[in-house]
Protein chains: 2
Amino acid sequence: MSADSSLTFDPRQALEHAASLCERRGTRLTELRKRVLEIIWNSPTPLGAYAILDVLRDDGRQGAPPTVYRALDFLLEQGLIHRLASLNVFTGCRRPDSFHGGQFLICRDCGQVDELTNPTVEELLRAEAACRRFEVLSQMVEVLGRCPDCQRGAKARDR
Amino acid sequence: MSADSSLTFDPRQALEHAASLCERRGTRLTELRKRVLEIIWNSPTPLGAYAILDVLRDDGRQGAPPTVYRALDFLLEQGLIHRLASLNVFTGCRRPDSFHGGQFLICRDCGQVDELTNPTVEELLRAEAACRRFEVLSQMVEVLGRCPDCQRGAKARDR
DNA sequence: CCCGTTATGTTATAAAGTAACAATTGTTAT
DNA sequence: ATAACAATTGTTACTTTATAACATAACGGG
Ligand SMILES: [Zn+2]
Ligand SMILES: [Zn+2]
Ligand SMILES: [Zn+2]
Ligand SMILES: [Zn+2]
């Protein structure tokens, strides 16, 4: 196990990282986009677009659905967030440097999410695609289940 | 490469297979549910719930969204179809005998879908989950890209 | 400063999914 | 048979998620 400086875990670090990434790329992480990213990182569980919109409105900012969806589109393009299609929610990417398909463990009960980055899975899928002459554009892996905490909770209740 | 009698590719076979499966399980593949499954299998590309509803109405049958969603829920429970979360569509399962997480190659351009059943991918994900003490309930792999046909089409247009 | 580009504000609407209750059909036990 | 119960389907109304279309504002190079 080696430390990996590119792994982001806390909001502040993620935002700084995102800012420098966008600068390097010549893309514009505007105030709105940065704020949406911050809202996502500040949440313990992934948020839906309308939940993000609610927070923006609490900020006092005007906004309608397109405001949020456009910011989300940008962040998705930049690989700064992932979309969990099975739940219609968005979560911050912990490895925004390298574009990659998302791999997630999603807790059915508490909604918490753990991002995997298993290169073997990605390669296996690429290989499967290649032998079918299928050109891969993006990959999405979503594993639904129960996190350790929620398993304990359920067991405790069983007694 | 060995032939596998449990692989279904055409609607008629899939329906027969589904009927016998449900009979063995003591679950009821009613006319409505069977018809929804047939509609899904008859379509060259996965269908959304409302597209299925349109076909039902063409049949002359009454129906509202819940009619379709309930039938879809049943078919999902029985493992007779999969839901592609990234597109909000449903597709017939080619291996309904063994419950499994879905693994799909989805063509961005024509919408056609190829179902993979790579046990190594499933095992790898289970292993990743296990070493995080995460209890797996279901898996979903969606690879978005371009099928061979659509690659050729795009190339032809490039000339 | 001017002008083209990009980003955001705004209104309205489409698409996907569900809650709640009524009516019907199927099943089981007298 | 028929009453009682369970499962399925019909029906109405609604919530949530996402996008289209157009107006306004901010940015950035000459
Ligand atoms: Zn990521
Ligand atoms: Zn949990
Ligand atoms: Zn399947
Ligand atoms: Zn195609």
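This is a predicted model: local features need pLDDT of at least 70, side-chain atom pairs count only at pLDDT 80 or more; totals for chains, interfaces and linings use all residues.
## The four-cysteine zinc site

Let's start with the zinc ion listed as ligand 4. Its protein donors are the SG atoms of B:C107, B:C110, B:C147 and B:C150, which sit 2.2 to 2.3 Å from the metal. The angles between the 4 donor atoms run from 107 to 113°, so the arrangement around this zinc ion (ligand 4) is tetrahedral. A set of four counts as tetrahedral when all its angles lie between 85 and 135 degrees.

Along the sequence, the donor residues of ligand 4 follow the spacing C-x2-C-x36-C-x2-C. B:C110 belongs to the loop between strand 3 (102-107) and strand 4 (113-116), and B:C147 to the loop between strand 5 (135-146) and helix 6 (148-158), so this pair ties together parts of chain B that are 37 residues apart in sequence. B:C110 is partly exposed, at 30% relative accessible area, while B:C147 is buried, at 9%.

Since B:H82 is in strand 1 and B:E115 in strand 4 of chain B, the pair ties together parts that are 33 residues apart in sequence. B:H82 is buried, with a relative accessible area of 9%, and B:E115 counts as buried at 9% too.

## Helix 4 and its two sides

Now for helix 4 of chain B, which covers residues 65-77. Its 13 residues reach 18 Å from first C-alpha to last, close to the 18 Å expected at 1.5 Å a residue. Which residues of this helix are buried? They are B:T67, B:V68, B:A71, B:L72, B:F74 and B:L75. Looking down the axis of helix 4, these buried residues fall within an arc of 160°, so they line one face of the helix. As a rule, an α-helix has 3.6 residues a turn, so residues three or four places apart point the same way.

What does the buried side pack against? The buried residues of helix 4 pack against helix 1 (11-25), helix 2 (31-42), helix 3 (49-58), strand 1 (81-84) and strand 2 (89-92) of chain B. The face turned away from the buried side carries the exposed residues B:R70 and B:E77. Just after helix 4, B:G79 takes a positive phi of about 70°.

Definitions and conventions:
Residues are numbered from 1 along each chain as its sequence is written. Chains are lettered from A and ligands numbered from 1 in the order in which they are written. Side-chain values use heavy atoms; hydrogens and water are left out. Donors are N, O and S atoms within 2.8 Å of the metal (3.2 Å for Na, K and Ca); water is not among the atoms, so sites may look incomplete. Four donors count as tetrahedral if all angles lie between 85 and 135 degrees; four count as square planar and six as octahedral if opposite donors are over 155 degrees apart and all others between 65 and 115; anything else is irregular. Helices (H or I, at least four residues) and strands (E, at least two) are DSSP runs, numbered from the N terminus. Buried means under 20% relative accessible area, exposed over 50%, partly exposed in between (1.4 Å probe, protein chains only). The expected span of a helix is 1.5 Å times one less than its number of residues. The arc is that of the directions from the helix axis to the C-beta atoms. Contact means heavy atoms within 4.5 Å.
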